[in-house]
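Trainee: Could you walk me through reading this structure, one feature at a time?
Mentor: Gladly; have a look at it first.

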Amino acid sequence: MVNQENLSTILAFITPGIIQLLMKNRRITAEAASILLYNSKIYKLLEEEKTKLWHLSYPILYDMLEEELTTGKITFPEEQ
């Protein structure tokens, strides 16, 4: 069961994929990609277990981050 205490373990598996996509698609360094991610609203929400964003795939989270970075808005995917 995921709770606030063990969420950091899950984030350790999610964030590298997002950082890789940022590096590839924006042609930036790992450091620059990390700064973008860790300073984003998406990451702040991802750190809160109650948002349940951790259950989304890193490509979906990346798309949400790109939307935030380009428009300042965040669209949450609808539950299937």
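**Reading the features**

Mentor: Glutamate 66 is buried, as its relative accessible area is 17%; buried means under 20%, exposed over 50%, and partly exposed in between, using a 1.4 Å probe and protein chains only. Keep in mind that this is a predicted model, in which local features need pLDDT of at least 70 and side-chain atom pairs count only at pLDDT 80 or more, while totals for chains, interfaces and linings use all residues. Residues are numbered from 1 along each chain as its sequence is written, and side-chain values use heavy atoms, with hydrogens and water left out.

Trainee: Which side chain meets that of glutamate 66 in a salt bridge?
Mentor: A salt bridge is a side-chain nitrogen of Lys or Arg within 4 Å of a carboxyl oxygen of Asp or Glu. Here the partner is arginine 26, at 2.8 Å from N to O. Arginine 26 sits in helix α1 (residues 7-26) and glutamate 66 in helix α4, so the pair ties together parts that are 40 residues apart in sequence. Helices are DSSP runs of H or I with at least four residues, numbered from the N terminus. Arginine 26 is partly exposed, with a relative accessible area of 32%.

Trainee: How many salt bridges does a search of the whole structure find?
Mentor: The search finds 2. Lysine 52 and glutamate 49 also meet through their side chains in a salt bridge, at 2.4 Å from N to O. Lysine 52 counts as partly exposed at 36% relative accessibility, whereas glutamate 49 is buried at 13%.

Trainee: What should I look for in the largest nonpolar core, and how many residues does it have?
Mentor: In soluble globular proteins, nonpolar side chains tend to be buried together. A nonpolar core is a set of buried Ala, Val, Leu, Ile, Met, Phe, Trp, Tyr and Cys residues joined through side-chain atoms within 4.5 Å. The largest one here has 18 residues, and those with the most contacts inside it are Ile18, Leu22, Leu37, Leu46 and Leu61. At least two residues of this core come from each of α1, α2 (30-38), α3 and α4. The largest share, 6 residues, is supplied by α1.

Trainee: Which residues does leucine 22 touch?
Mentor: Contact means heavy atoms within 4.5 Å. Setting aside residues up to four places away in sequence, leucine 22 touches several residues, including Ile28, Leu37, Tyr62 and Leu69.

Trainee: Where does α1 have a kink?
Mentor: The bend at a residue is the angle between axes fitted to the seven residues ending there and the seven starting there. In α1, a kink of about 30 degrees lies at phenylalanine 13, shortly before proline 16. The buried residues of α1 pack against α2, α3 and α4.

Trainee: How many aromatic pairs does the structure hold?
Mentor: Rings of Phe, Tyr and Trp (its six-membered ring) pair if their centres lie within 6.5 Å; planes under 30 degrees apart count as stacked, over 60 as edge-to-face and the rest as tilted. The structure holds 1 such pair. Tyrosine 38 and tyrosine 43 form it edge-to-face, 4.8 Å centre to centre with 80 degrees between the planes. Tyrosine 38 is partly exposed at 34% relative accessibility, and tyrosine 43 is buried at 11%.
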